[in-house]
Amino acid sequence: MSDLNVVSISEAKIPTEPFIARHLIDGSWRDSADGATFDRVSPSHASLVTRASRGGVRDVDAAISAARVAFDKGRWSWTSGKDRATLLLKVADLIDRERERIAFMETLESGKPISQARAEIEGAADIWRFAASLARTLHGESYNSLGKDFLGLVLKEPVGVVSIITPWNFPFLIVSQKLPFALAAGCTAVIKPSEMTPATTVILGELLIEAGLPAGVVNIVLGHGDPVGTAMTADRRVDMVTFTGSTGVGKAIVKAASGTLKKVSLELGGKNPQVIFPDADLESAVDAVVFGVYFNAGECCNSGSRIIVHEDIAEAFIARTVEVSRKVPFGDPLDPSTKVGAIITPDHQRKIDAYVRDAAKAGADVRLGGGSLEVPGLAGQFYQPTVVANAKSHMPIAREEVFGPVLTVLTFRTPDEAIELVNDADYGLSAGVWSENVHTCLEFARRAQAGTVWTNTWMDGFAELPFGGVKESGQGRELGKYGLEEFLEAKTVTMRIGRTRAPWVDPGT
């Protein structure tokens, strides 16, 4: 561990008083109906950072009622695209204004590096601006090809009240991949952030009010999945649920929503492979692999945690990956030089470590790391950069979502074998290929079972491009024009021109 790049405690000051987070219901900030609260302790500094209202069924009922009334009375759904876009642009500007505050709270609650949090908040503002452009250009279709007696219209209408449930790993970015598109479509919403990262969603609520959003259009209920998330999912007044998180919880949401057959959009887990061919730019590939597995401490559905390397270059590639991994700055997330921060909870750290230990017992070779990381001056939980070689495709570490800074290495001999390994997974969120041969890259892109394929890069994203998975990585898409379509329903209007309809019943009888 001594040869790792460890960043000790910075001089940044932790607040002496916690951030107070309350529910936003029908335009006002409220305590829980029963007065209950819960605390969030920083995973990196082990200090109290947030005290939040702990919601229950009564709080969810009030929030859904407010969203339902706001939608049915047309406070937002009947506004023009221009007015919606204007408000979304105001919110984007306010996000930019509050970037440092939002990033600081996100770093304290999640343990991610402050420099990464700042970049994510900047990216979130860009998504709000893109969604504003969609609000102005939203349109249906017309058909004048049905004969002289008919005109057909397809209207695009907001789906209604949407429950938005977001995770702890990218709390502000992911709510910004959902909410502005729902608002651009004309929907109203109830949001539940993770109980581990409630603060930044509450700050977003403050900005929505400042921007002039009508009361009841967006409501926020804080608390745990049970009872808050469960109630938000099953309530028949809710027309749609959009969720980002684990595949297990996603399956439970589908079951809970089935009673009312409401629309469900899911962005779930991934075990994302990168295939490295011998003709690849190996230095660039190594850097991208290191980035892909350690970014956000590996607590990322898009983590490139499974690399598949050609046998001819495997040992050299692993050795170089280990060498570069040692240089990545792990440690205090409040230090701008840090690239990898803390693990979200002690329980999750133990889960990560169990995967590594079980793999070692099964015959895999831990080339680097494989244990907790001590950061001088900090009492939080950190995990070492870890590289596991000689893994077999049947091992849990090679098939399941570890959600930590752990890289698993498999090898292949032929392109067909590589594709077989890529697709031999329950997940299908993203995949990558490294080769200087454009034909190799295109064939891979067409054959890989994944919602996103990167060629000679990893995890580059744009507001214009849709994101989502196949198989157990989810259903539906976020971002791009498809992100707006998720929150719309198509309504057909068939119009007869003139009194040309022939009677069904003969009037002479």
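Residues are numbered from 1 along each chain as its sequence is written; side-chain values use heavy atoms, with hydrogens and water left out. Because the model is predicted, local features need pLDDT of at least 70 and side-chain atom pairs count only at pLDDT 80 or more, while totals for chains, interfaces and linings use all residues.

**Two open sheets**

Helices (H or I, at least four residues) and strands (E, at least two) are DSSP runs, numbered from the N terminus. Two strands pair if DSSP finds at least two bridges between them.

Axes are lines fitted to C-alpha atoms, for helices over the stretch in contact, and angles run from 0 to 180 degrees between N-to-C directions. Strand 2 runs parallel to strand 6 (residues 48–53), joined by three bridges. I20 faces R51 of strand 6 across this pairing. Contact means heavy atoms within 4.5 Å.

A second open sheet has the order 7-8-25, with antiparallel pairing. Its edges are strand 7 (141–143) and strand 25 (488–496), each with a single partner strand, so one side of each is left without a neighbour in the sheet. In strand 25, K491 is the bridge partner of L155.

I276 stands opposite W434, and A431 stands opposite V453 in strand 22. From strand 21 the chain crosses through helix 15 (residues 438–447) to strand 22, a right-handed β-α-β crossover. Right-handed means that, with the strands pointing away from the viewer, the path from the first strand over the helix to the second runs clockwise.

| Strand pair | Sense | Bridges |
|---|---|---|
| Strand 2 and strand 6 | parallel | three bridges |
| Strand 14 (residues 273–276) and strand 21 | parallel | three bridges |
| Strand 21 and strand 22 (residues 452–455) | parallel | four bridges |
| Strand 8 (residues 150–158) and strand 25 | antiparallel | nine bridges |

**Helix packing**

Helix 2 (residues 81–97) and helix 4 (residues 114–137) pack at about 170°, with axes 8 Å apart. The two are therefore roughly antiparallel (angles over 145 degrees; under 35 is roughly parallel, 65 to 115 roughly perpendicular, the rest oblique). Among the residues that meet are L88 and V91 in helix 2 and W128 and A132 in helix 4.

Helix 8 (residues 225–234) has V228, G229, A231, M232 and T233 buried. These pack against helix 1 (57–72), strand 9 (161–165), strand 10 (188–192), strand 12 (240–244) and helix 9 (247–257).

**A buried proline**

P171 lies in helix 5 (residues 171–175). Its relative accessible area is 1%, so P171 is buried. P171 touches E106, T197, T200 and T201, not counting residues up to four places away in sequence. The C-alpha atoms of P171 and T201 are 7.3 Å apart, across 30 residues of chain.

Definitions and conventions. Buried means under 20% relative accessible area, exposed over 50%, partly exposed in between (1.4 Å probe, protein chains only).
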